[in-house]
Amino acid sequence: MFPAAADAVPRPRPPQDPPPRQQRDAFFDNAKYLAIVLVAVAHAWEPLKGDSRILEGVYTVVYSFHMPAFIVISGFFSRSFDMRPDRLKRLVTGVAVPYIVFETGYSLFKRYADHDPGMEISLLDPWFLTWFLVALFIWRLTTPIWKLVRWPLPLALGIAMLASVTPDIGDDLDLQRVLQFLPYFVLGLVLKPEHFRMVRRRSVRIAAVPVFAAALAVGWWAVPRMNTEWFYHRNAVQEMGAPWWTGPVMVLAMFGSSLLLTACFFAWVPGRHMWFTALGAGTLYGYLLHGFLIKGAGFAGWFDPAWLHRPAGELFVSALAAVAVTVLCTAPVRRVFRCVMEPDMNWAFKKEAPDMAARAREQRTAPREKAGV
């Protein structure tokens, strides 16, 4: 009797360990690191490519897929974005605040380092590489709409095609780039993990070799025949002096070719943990900081020596840019600049209700949404 009664008394449960933190996927960190290296190297090529048809051909091939790859990953990791207060706060502190800081910083840097007193600080006119933060802010805010409509990717392509023939959009917030790169972000939203596994099959890796070889040949052929501005997606077709109908055609053609090369790039990205995998968490730091090195070197005339415009010099500049952006992605650099890249701004927001606070704590146990860079 007594033992049975004792068994009926509920015993205190032993303390349970918190749920394990979900680990980051090495493939995506590897892809982001390799893409940011290509971004930095391509920026370093810009002062040199005019002297080499081969280098300019390689430059156009790299430019056709490195930002699309970034944007596709950004869209993929934005799938869970909604209008929850904690996610909106993350968007403000992780995207809007860095944009304000770095747009101001780049404007002042050009004004004084390049002796350009006419360079104004304008948050409506992104300079150099800060456009991506504006675009990411707008894309993420519109994510619930893209998850709601029935055919998001065709709709995004239609918007990009219309933007390409609408010069009246103007330069505010670099909206041409925002709209013309939009399909890549929407594509990332609709992709699933199995799609990335498909392109990482051995057969795809092998097929990517002749595809990239053909792309390099086409890039070399196109150097004297094609305006590089097409790859930047920052102008309407009328501003490039081409017939209006070429705008929509080029949007579709470049989306197809960029998607093909992006798939080849993903096919070659290793899925296992590499020495550079941890650097994938800091690619936004490398992206925003390497511009000061590239532009500073240009302002100082460091690209002027003739030997840098020869093959050996081009390889040296490429290696130097790759090493520099790698250093900028490391943990010590991230600790120094975290105050502006990931600031703690709880003082600026209203206190969350208890249920919202609990949901925010649950969110912090999952991988934090990154900008995709």
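Helices (H or I, at least four residues) and strands (E, at least two) are taken as DSSP runs and numbered from the N terminus. The structure is a predicted model, in which local features need pLDDT of at least 70 and side-chain atom pairs count only at pLDDT 80 or more, while totals for chains, interfaces and linings use all residues. Residues are numbered from 1 along each chain as its sequence is written, and side-chain values use heavy atoms, with hydrogens and water left out.

The protein contains 17 helices and zero strands. Of its 373 residues, 47% are buried (under 20% relative accessible area, with exposed meaning over 50% and partly exposed in between; 1.4 Å probe, protein chains only). The accessible surface amounts to about 19,300 Å², and carbon and sulfur atoms account for 66% of that area (Shrake-Rupley method, 1.4 Å probe; for residues, only the protein chains shown count as cover). Where contacts (heavy atoms within 4.5 Å) join residues at least 6 apart in sequence, 81% link residues at least 24 apart.

An unreviewed UniProt entry lists "transmembrane region" for residues 57-78, 90-109, 121-139, 203-223, 243-269, 276-303 and 315-333; the positions follow the numbering used here, feature names are shortened, and annotations may be inferred rather than shown by experiment. In the model, residues 203-223 are 95% helix and 0% strand, with end C-alpha atoms 31 Å apart. For residues 243-269 the corresponding values are 85% helix, 0% strand and 38 Å.

Helix 2 (residues 26-45) and helix 4 (residues 66-76) have axes that come within 9 Å and cross at roughly 145° (lines fitted to C-alpha atoms, for helices over the stretch in contact, with angles from 0 to 180 degrees between N-to-C directions). Helix 2 contributes Phe28, Ala31, Lys32, Ala35, Ile36, Leu38, Val39 and Ala42 to the contact, and helix 4 contributes His66, Met67, Phe70, Ile73 and Phe76. Eleven of these residues are nonpolar, one is polar and one is charged (nonpolar: Ala, Val, Leu, Ile, Met, Phe, Trp, Tyr, Cys and Pro; charged: Asp, Glu, Lys and Arg; polar: the others, Gly among them).

Most residues other than glycine have a negative phi. Histidine 115, in the loop between helix 5 (85-113) and helix 6 (131-141), has a positive phi of about 50°. Phenylalanine 128 is likewise placed in the loop between helix 5 and helix 6, and its phi is positive, near 65°. Histidine 115 is exposed, with a relative accessible area of 68%, whereas phenylalanine 128 counts as buried at 18%.
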